[in-house]
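Hi,

Here is the structure I said I would pass on. Have a look, and my notes follow below.

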Amino acid sequence: MDLTRFMNKFNEIERQLSPTSALRLSFDNISPETEEPESKRLWGVPVPPFVSDKVVTWLEEEFTDPPIFYGDTLVLKKVENVRMIDRYNTKNPILGTLYLTATHLIFVEPDTNKETWILHMHIASIEKLPLTTTGSPLLIRCKTFLSVTFVIPKDSECHDVYMSLVKLYQPVSINKLYCFNYQPVKDDLPKSAGWDFFKLEHEFKRMRVPNDIWTLCSLNANYELCDTYPRQIYVPQEANTAMLIGSSRFRSKGRLPALTYLHSNKASICRCSQPLSGFSARCLEDEQMLEAIRKTNPNSDYMYVVDTRPRINALANRATGKGYENEAFYENIKFHFLGIENIHVQRTSLQKLVEACEQKTPTMSGFLNALESSGWLKHIRSILDTSSFISNVVDKGVSVVVHCSDGWDRTAQVCSLAALMLDPFYRTIKGFQSLIEKDWLSFGHKFSDRCGHIQTDNREVSPIFTQFLDCTWQLMSQRNDAFEFNERFLLILHDHVHSCQFGTFVGNCEKDRLDLKLTERTFSLWGYMTNHLNEYINPLYKPNVDETIKANLAPQCIKFWRGMYSRFESGVHPREPLGDLLLASKDHCNSLEDHVQHLTKRIASFKNYLSKSAKKLQDVTVTKTNSKETPTTEINDNKYNYDKKLSELSSADDDHPLKPSGISFANLSQLSEDADPNGLAEEIDSVAVDWKPMRKVTVCSCSTPFDQFSKKTHCWKCGDVFCERCIDKNIPLPGQDSGRPVPVCRTCFRLVQKISP
């Protein structure tokens, strides 16, 4: 199907239709209450009622071929004999078929059945390279740091794919994002799941706020005080309305000082934006506001104001009427500049880092020089240094007010990282999600602008959240026993911040998300991650680790995050990450321990049953003996009596002397549910004792090959290794005592459920 010809003709027909009909081509104007007429069909597929008969007739006449599907996905364009070039193997490119769908670009290798899926929203840039003898190359760079080149045989086909991707990978309107059309393959995830996991007021209650020192400010209930702040902002009890309004007007974007973290020693972290001070302006209300914050901590007679910018940048902002606090006007405050560069420097640094990772003939010196010139690790260290300063100050009982320029980039980075170092709750999976919700989503980090979700000014795009995840990984690599989550957890977060598959990170502030009604129209990332928690567990985690952790800022301790920036490079990763091997071993041990506990209880119930049966046999024997005229004396040996009578009963016929008395092997003792021998073999067979080693598995049963970034998962029933798509079921196993659902493959799921394939 010629995609260009199709779109041109479709647009022509649309223009020929009446205004009313053209309006009805919009999905948004279809009323669900309207009774739909009998549906039309095209190639056997029902056609929505807003598509006119003229369009359907033209499609049937011009395009006689039925649409192409890849699996259950409608294909817009299919191109065969496409070469995918791996920069490590340029002489032997992979030949396969390229499928363009409405949401993904899919490359399939027919020989190995390996699939490469590229989500349109993950594409950062598309470049059509000069024509070569083998075809027309198309270079695609992704926000997930995948860089791939497709060589398409015909230049016209390459142009069609290129133009289609340009329109699809970056929508013009935020309402056209992927999350508003996404539907999960399985229906076990309700749309409401995850949206109620976090409430800002609950997080502050965990920190015992409000209290007699801090209170909830009601002035921002309708976002009138600051539209990029959350509705609930917590301020000192001493701060009155005039102070709050005056301070808000004196701060850039109205972002007045507000509480973000309260330590158990009463020291606090507050955040705000730069003051509109210029060279000499002052604001009495803002000075009173900072003094009120200082007084909330009775353990210190001073506090710090941390400006995360280099001093020269803050001085330059004074020329535009902004700047920083004048030390002469603020009493009992110590000022510090920490030197984190702005979003433009960080964006350029990441571009140079990507270029270092994409060198065609990488050498040790070439890579290290390129990494050094990018300045990326220097920026990561600078962020960690600032966060460590704040953490150390608060740990010593001194409060801190933090700001940068507008208070939604560098401020979010250092406030969240300082809290991560101070509070072990934020180092758990639930706590880290709460930290992101509080310091990034509620306090207005501009995710849509910084991640380039829609067509916008490229100067607004910057890897601020990527740096936060990188700093978290640096802390994890130094203290891997202090974090409940693993590296995969951070990678999933990074990828879905950019994918727009879920509505969690869409928009620039809390108000934007409410206006877009994301909780009603989209799925939550937290709900999805809840169904995959077993993939994110760090097996080395120790919950009772030190309350405060400190970053080692020595230059040799700041590492290049290979798992993020080079994760798609073949040959530079272990076949299985150490964390996956440890997690598999831990799961195997848990499965066996659960199984042993169940079997121990079964053995105990059988022993109890046999003991009661032997006692009844003995009582019957004594009764029979006493009824005889000549009593006899015999030695009472329980084991002997049990073995003897059990043998008699098992071979008895209807004339056995015990039968008339109503005693039989079947009713010697009323079997409890636990002592029922029926199904014992099924319980034993329901749990795999031996698990197949992951190193020996290179391909899944569905023919999907495993590579360095695909997760291998064991089926707890059969012990085989499967890919994530083939082991999407969880069910309690009869042979396990806990009764909790565990991962099983689809075949074992049907067996346990007694469902035939």
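Leaving aside neighbours within four places in sequence, which residues is Ser 349 in contact with? They are Ser 374, Gly 375, Trp 376 and His 379, where contact means heavy atoms within 4.5 Å.

Before the rest, some ground rules: this is a predicted model, with local features needing pLDDT of at least 70 and side-chain atom pairs counting only at pLDDT 80 or more, while totals for chains, interfaces and linings use all residues. Residues are numbered from 1 along each chain as its sequence is written, and side-chain values use heavy atoms, with hydrogens and water left out.

Back to Ser 349: it sits in helix H9, residues 343–357 (helices are DSSP runs of H or I, at least four residues, numbered from the N terminus). Ser 349 is buried at 2% relative accessible area (buried is under 20%, with a 1.4 Å probe and protein chains only). Its side chain reaches the backbone nitrogen of Trp 376 at 3.3 Å.

Next, the helix pair. The axes of H15 (464–478) and H16 (487–499) come within 11 Å and cross at roughly 180° (axes are lines fitted to C-alpha atoms over the stretch in contact, and angles run from 0 to 180 degrees between N-to-C directions). That makes H15 and H16 roughly antiparallel, the term for angles over 145 degrees. Residues making the contact include Leu 469 and Trp 473 of H15 and Leu 490 and Leu 493 of H16.

Leu 493 also touches Phe 432, Ile 436 and Phe 505, among others.

Cheers

Note on methods: Helices (H or I, at least four residues) and strands (E, at least two) are DSSP runs, numbered from the N terminus. Buried means under 20% relative accessible area, exposed over 50%, partly exposed in between (1.4 Å probe, protein chains only). A polar contact is a pair of N or O atoms within 3.5 Å; within protein, one must be able to donate a hydrogen and the other to accept it, and residues adjacent in sequence count only if both atoms are side-chain atoms. Angles under 35 degrees count as roughly parallel, over 145 as roughly antiparallel, 65 to 115 as roughly perpendicular and the rest as oblique.
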